[in-house]
Amino acid sequence: MSRLKELFTQTQAGGRLALMPYLTIGYPSRQATLDLIPALAAAGADAFELGIPFSDPLADGPTIQRSTYQALQSGITPAACLEIAGQLRSKVAVPLLLMGYLNPILRYGPERFVGEARAAGVDGLIVADLPVDEAADLAGLCRANGLDLIQFAAPTSTDQRLGKIGKQASGFIYCVSLSGVTGARAMMSKSLPEFLARVRRHSQLPRAVGFGISRPEHVAALHSLAEGAIVGSALIDVIERAKTGQVVEAASRYIRELAAAAGQPAPAG
């Protein structure tokens, strides 16, 4: 059983959501990534999306853009990301997913990239700008190497496209909670329940909701609607605001709050 499948089996059996934070590799520093991931796993994170810095992150809002720019300026490359992922695998047992854009993977060489990701102990890939219609080749490479290629579903996805996503997806389906780029939001979309219900009609895979998840009440509200919660920009905001020497402590405190909500649904009504 893959780490992702085992994770969702355990969380669903326990009646809780899988909490899946996103962190840009190399932000605020390479060493900080190596320190943060084990600490956040201990604080209650169930899996991690590790962002590969890219110069044109079209799906990301200003918070993640700032973090990727800083990581690029400090010399973080796809090769460095794979190396760091391997170092993290020796520190944590939870699923690790590499998240990025197609161009760096193509420049690196898809076969080489996927093979080295497997060797590093990575569990899957999330490619933000790879539509399902063009994903067959990379999906085949991932299957051959025991990795999941996570597919995106958006509120604007037609039922026809959701059908294609359901047939090709593995691991879980990344359900974008709203139209637009990443970033913390004050409220979740009122149409989210209907969208998640549509996704369920086309796939029995776990649904993890991302884009805009920032507060414990957001996570708690996802109980009975989805199987996972993804938080990225809000966590990076916490890291950005933390005082020098207190980054790990501040981020861990925030993840503990979200993890508590992941195990406890919001009150009815």
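1. Contact here means heavy atoms within 4.5 Å. Helices (H or I, at least four residues) and strands (E, at least two) are DSSP runs, numbered from the N terminus. This is a predicted model, in which local features need pLDDT of at least 70, side-chain atom pairs count only at pLDDT 80 or more, and totals for chains, interfaces and linings use all residues. Residues are numbered from 1 along each chain as its sequence is written, and side-chain values use heavy atoms, with hydrogens and water left out.

2. Start with the barrel. Eight strands form a closed barrel with parallel pairing, in the order S1-S2-S3-S4-S5-S6-S7-S8. From one strand to the next, the twist averages 25°. Axes are lines fitted to C-alpha atoms, for helices over the stretch in contact, and angles run from 0 to 180 degrees between N-to-C directions. Two strands pair if DSSP finds at least two bridges between them. Strands of a sheet pair through backbone hydrogen bonds, either parallel or antiparallel.

3. Next, some of the pairs. S1 and S2 are parallel and share three bridges; Thr24 has Gly51 of S2 as its bridge partner. Strand S3 (residues 96–100) runs parallel to S4, with four bridges between them. Met99 is bridged to Ile126 in S4. S4 also pairs in the parallel sense with strand S5 (residues 148–153), over three bridges, and Leu125 stands opposite Leu149 of S5.

4. Buried means under 20% relative accessible area, exposed over 50%, and partly exposed in between (1.4 Å probe, protein chains only). In S2, Phe48 and Leu50 on one side and Glu49 and Gly51 on the other are all buried. In strand S4 (residues 124–127), the buried residues are Gly124 and Ile126 on one side, Leu125 and Val127 on the other.

5. Met20 deserves a look. This residue is found in strand S1. Met20 counts as buried because its relative accessibility is 0%. Leaving out residues up to four places away in sequence, Met20 touches Phe8, Ala47, Leu97, Phe172, Ala208, Ala229, Ile230 and Val231. Met20 and Ala229 are 209 residues apart in sequence, yet 6.0 Å apart in space, C-alpha to C-alpha.

6. Now helix H2 (residues 30–43). H2 has 14 residues and reaches 20 Å from its first C-alpha to its last, close to the 20 Å expected at 1.5 Å a residue. The expected span is 1.5 Å times one less than the number of residues. Its buried residues are Ala32, Thr33, Leu34, Leu36, Ile37, Ala39, Leu40 and Ala43. They pack against strands S1 (18–24) and S2 (48–51), and against helices H4 (78–89), H11 (233–241) and H12 (247–262). Gly44 follows H2, with a positive phi near 125°.

7. H11 lies across S1 and strand S8 (228–231), at about 55° to S1.

8. Last, a helix pair. The axes of helix H6 (residues 110–120) and helix H7 (residues 136–144) come within 10 Å and cross at roughly 35°. Pro110, Glu111 and Val114 of H6 make the contact with Leu138, Leu141 and Cys142 of H7. Those residues divide into five nonpolar, no polar and one charged. (Ala, Val, Leu, Ile, Met, Phe, Trp, Tyr, Cys and Pro count as nonpolar, Asp, Glu, Lys and Arg as charged, and the others, Gly among them, as polar.)
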